[in-house]
Amino acid sequence: MDYRKLGRTGLKVSELCLGTMTFRWTATEDESIAVLNRAWEAGINFIDTADVYSFWAEGNDGGVAEEIIGQWLQGKPRDEIVIATKVRGRMWNGPNGEGLSRQHIMLAVEHSLRRLQIEAIDLYQVHAPDWDTPLEETLQALDDLVRQGKVRYIGASNFRAWLLMKALWISDKYHYARFDSIQPHYHLLNRAEVEPDLAAACLDQGIGMIPYSPLAGGFLTGKYTREHIPDKARGAGNQRMQRYMTDQGFAVLDTLEKMGAARGKSTLQMALGWLQTLPFVTAPIIGANRVEQLEDSLGAIGLRLSEEEMQQLDTVTGMERNWSQR
Ligand SMILES: NC(=O)c1ccc[n+]([C@@H]2O[C@H](COP(=O)([O-])OP(=O)(O)OC[C@H]3O[C@@H](n4cnc5c(N)ncnc54)[C@H](OP(=O)(O)O)[C@@H]3O)[C@@H](O)[C@H]2O)c1
């Protein structure tokens with residue numbers, strides 16, 4: 001396992017980050033614990049969660065994934081594990097039950113610390129912009145948490161390049177802690193959201209990128225075909241995943257499969273390998289419902305694509321890697 005610095009910080013994280021959005025949603029609690037155990041055994045030291053995971057699952061209130069991680073951490077070497085969580089989503093009733101106000105953040109962080117059973121959050125991320133709260137207020141609250149020792153590093157998620165730059169400017173101006181990481185929705189079928197601007201901003205400002213949904217919710221595993229959508233998979237009856245099931249989406253799968261066959265790698269591993277080869281990516285956040293799914297992703301550890309393979313993927317996705325010509 002390669003351990004990479006998160007952006008310009010000295011924090012070392014594994015080249016794959018384990019996502020936990022499926023915990024007690026499409027994975028049972030036992031399956032979630034088994035996935036955590038296997039990831040840890042394989043050298044993954046970086047775990048991504050959020051206070052809202054997974055409130056959308058029947059019978060869940062949110063906070064469940066943090067609770068599972070908190071229980072799993074008991075008896076583990078806490079000092080060797082990097083826990084990243086998020087704040088922003090609705091967690092309780094009333095006008096202050098969501099958002100990035102000082103009020104919400106100061107309460108939400110205490111709940112996350114309690115559920116995770118830890119004294120400090122290693123990476124505290126804002127889950128998405130809150131257009132009702134001035135960014136200055138959010139960053140000042142986060143800076144206070146860093147100074148209090150409740151949070152070690154801060155990051156953003158779902159921020160466009162301009163908003164990330166605005167946040168860095170505010171942090172610089174007021175000497176607040178700055179965002180050191182960004183978590184965008186990024187994979188081979190969603191390149192235009194990140195390239196070129198966010199990619200160039202990360203390279204220029206030393207921000208670590210930790211892309212989420214690196215397999216397009218499971219589409220880039222290759223288990224979806226033109227003729228068949230697997231019954232129990234996320235894409236079954238999921239409108240949002242229909243957008244990948246296009247001629248171009250299947251052409252990308254064909255290319256990944258062919259390139260993978262030539263080097264004994266699966267379609268999924270090639271999709272992760274593409275991300276791991278990009279110079280601004282620190283670690284894709286992988287998701288797995290069961291250990292067998294995780295095993296496939298673990299086969300991407302150390303995988304880097306050749307320039308020729310990268311060019312073939314540029315051609316089939318209709319994109320150029322022009323972020324370096326900023
Ligand atoms: N910041 C944000 O707004 C945000 C948003 C979304 C996610 N995230 C983070 O990113 C993490 C990963 O997101 P994601 O779950 O969407 O990632 P993903 O890698 O795109 O999709 C993971 C899904 O693919 C399927 N899969 C994985 N390995 C497989 C295999 N070997 N064979 C067959 N199917 C396989 C599984 O779903 P099925 O079995 O159902 O097909 C699995 O749940 C989350 O856990 C969360 O931590 C963050």
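## Helix packing, core and ligand shell in a predicted model

The buried residues of helix H3 pack against H2, strand S5 (82-87), strand S6 (121-126), helix H4 (135-148) and strand S7 (151-157). Helices (H or I, at least four residues) and strands (E, at least two) are DSSP runs, numbered from the N terminus. The model is predicted: local features need pLDDT of at least 70, side-chain atom pairs count only at pLDDT 80 or more, and totals for chains, interfaces and linings use all residues. Residues are numbered from 1 along each chain as its sequence is written.

**Helix H3.** In H3, the buried residues are His-104, Ile-105, Ala-108, Val-109, Ser-112, Arg-115 and Leu-116. They cover an arc of only 130 degrees around the axis, which puts them on the same side of H3. The arc is that of the directions from the helix axis to the C-beta atoms. A residue is buried if 20 or more other C-beta atoms lie within 10 Å of its own, exposed if 12 or fewer, and partly exposed in between, with C-beta atoms placed from the backbone. An α-helix has 3.6 residues a turn, so residues three or four places apart point the same way. H3 runs over residues 102-116, and its 15 residues should span 21 Å at 1.5 Å a residue; the end C-alpha atoms are 21 Å apart, which agrees. The expected span is 1.5 Å times one less than the number of residues. Just after H3, Gln-117 has a positive phi of about 60 degrees.

Gly-249, Val-252, Leu-253, Leu-256, Met-259 and Gly-260 are buried in H8. Seen down the axis of H8, these buried residues fall within an arc of 140 degrees, so they line one face of the helix. Asp-247, Asp-254, Lys-258, Ala-261 and Ala-262 are exposed on the other side of H8. The buried residues of H8 pack against H9 and helix H11 (307-317).

In H11, Glu-309, Leu-313 and Thr-317 are buried. Down the axis of H11 they fall within an arc of 65 degrees, so they line one face of the helix. The face turned away from this buried side carries the exposed residues Glu-307, Glu-308 and Thr-315. H8 and H9 are among the elements that cover the buried residues of H11.

**Nonpolar core.** The largest nonpolar core has 92 residues, of which Cys-17, Phe-46, Tyr-124, Leu-142, Ile-182, Cys-202 and Ala-271 touch the most other members. Helix H9 (residues 267-277) gives the most to this core, with six residues. Such a core is a set of buried Ala, Val, Leu, Ile, Met, Phe, Trp, Tyr and Cys residues joined through C-beta atoms within 7 Å. Beyond its neighbours within four places in sequence, Tyr-124 is in contact (C-beta atoms, placed from the backbone, within 7 Å) with Thr-85, Val-87, Val-109, Leu-142, Leu-145, Val-151 and Ile-154.

**Ligand shell.** The ligand is surrounded by 30 residues, the closest being Gly-19, Met-21, Gly-218, Ala-233 and Gly-287. The shell divides into 10 nonpolar, 16 polar and four charged residues. Here Ala, Val, Leu, Ile, Met, Phe, Trp, Tyr, Cys and Pro count as nonpolar, Asp, Glu, Lys and Arg as charged, and the others, Gly among them, as polar. Strand S10 (285-286) and helix H10 (291-298) each supply at least two shell residues. H10 accounts for the largest share, three residues.

**Backbone geometry.** The peptide bond from Tyr-53 to Ser-54 is cis, and Ser-54 is in the loop between strand S4 (46-48) and helix H2 (64-73). Another cis peptide bond joins Glu-195 and Pro-196, with Pro-196 in the loop between strand S8 (179-183) and helix H6 (197-205). The table gives the angles.

| Site | Angle |
|---|---|
| Tyr-53 to Ser-54 | omega near -15 degrees |
| Glu-195 to Pro-196 | omega about 5 degrees |
| His-175 | phi about 60 degrees |
| Ser-213 | phi about 50 degrees |
| Gly-264 | phi about 70 degrees |
| Gly-318 | phi about 70 degrees |

His-175 is in the loop between helix H5 (161-174) and S8, and counts as exposed with 8 C-beta neighbours inside 10 Å. Ser-213 is in the loop between strand S9 (208-209) and helix H7 (239-242); Ser-213 is buried, with 22 other C-beta atoms within 10 Å.

Conventions: A residue is near a molecule or strand if its C-beta atom, placed from the backbone, lies within 6 Å of it. Two residues are in contact if their C-beta atoms, placed from the backbone, lie within 7 Å.
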